[in-house]
Amino acid sequence: MPISSRDALLIIDVQNDFLPGGALAVPDGDAVIPLINRLATLPFGAVVATQDWHPPGHVSFQTSEPAGPWPQHCVAGTEGAALATGIVSAPVALVLRKGRSKTVDSYSAFLDNDQVSATGLASWLREVGVERVFVTGLALDYCVSATAIDAKSAGFESVVIVDACRGIGPYDEALQKLEAAGVGVVESAALA
Ligand code: VGL
Ligand code: ZN
């Protein structure tokens, strides 16, 4: 599958807190880094990285009142929220920080979980001529799948590069939802 300037590579939430040893560690999460670095050398029209970027007391934290579903993670400005140092940043044209509102979470890089507030990513991608997005990173069962499905809804072709992702839990259900939404699933070796 040839990559062209009409394609974007989306690197979702490859941040210290989602790596082994982090506050919300994704099992084997660091395994995606060398694959993503290889993919980022392909002739994409744009490479975008996202950061989960939450204020203290964020609605998604178990430590908040009422308690959310997740341990405190990716607090804005902390080392845990920093992009993994192994990710080669030179090809990254845009770093998008999401989940910045205290009261609404944002799994997707396109829309907050209330499905109302857009992050501006769709307009930015259209502006630079992107028609298809390839989605990688963490976690496949949450932010990666939400991003890939919203990309499709926003009118982009959308493809998940499955071996360049890891899940917090099993992700069979997520893959079924992706398929039902018309999102493609490929292995990174198919891309050159
Ligand atoms: C994520 C749970 C909470 C993710 C972010 O990046 O998939 N998951 N915040
Ligand atoms: Zn989060």
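A polar contact is a pair of N or O atoms within 3.5 Å; within protein, one must be able to donate a hydrogen and the other to accept it, and residues adjacent in sequence count only if both atoms are side-chain atoms. This tour concerns a predicted model, in which local features need pLDDT of at least 70, side-chain atom pairs count only at pLDDT 80 or more, and totals for chains, interfaces and linings use all residues. Residues are numbered from 1 along each chain as its sequence is written, ligands are numbered from 1 in the order in which they are written, and side-chain values use heavy atoms, with hydrogens and water left out.

Begin by selecting ligand 1. An oxygen atom of ligand 1 is 3.3 Å from a polar backbone atom of Leu 138, and an oxygen atom of the ligand is 3.0 Å from a polar backbone atom of Ala 139. Next, display the side chain of Asp 52, where a polar atom lies 3.0 Å from a nitrogen atom of ligand 1.

Then show the residues around ligand 1 (a heavy atom within 4 Å); among them are Asp 13, Trp 70, His 73 and Tyr 142.

Of its 32 residues, Leu 9, Ile 11, Val 14, Phe 134, Ile 161 and Leu 191 touch the most other members.

Finally, select Ile 11. Beyond its neighbours within four places in sequence, Ile 11 is in contact (heavy atoms within 4.5 Å) with residues including Ile 36, Val 48, Ile 87 and Thr 136.

Technical notes:
A nonpolar core is a set of buried Ala, Val, Leu, Ile, Met, Phe, Trp, Tyr and Cys residues joined through side-chain atoms within 4.5 Å. Buried means under 20% relative accessible area, exposed over 50%, partly exposed in between (1.4 Å probe, protein chains only).
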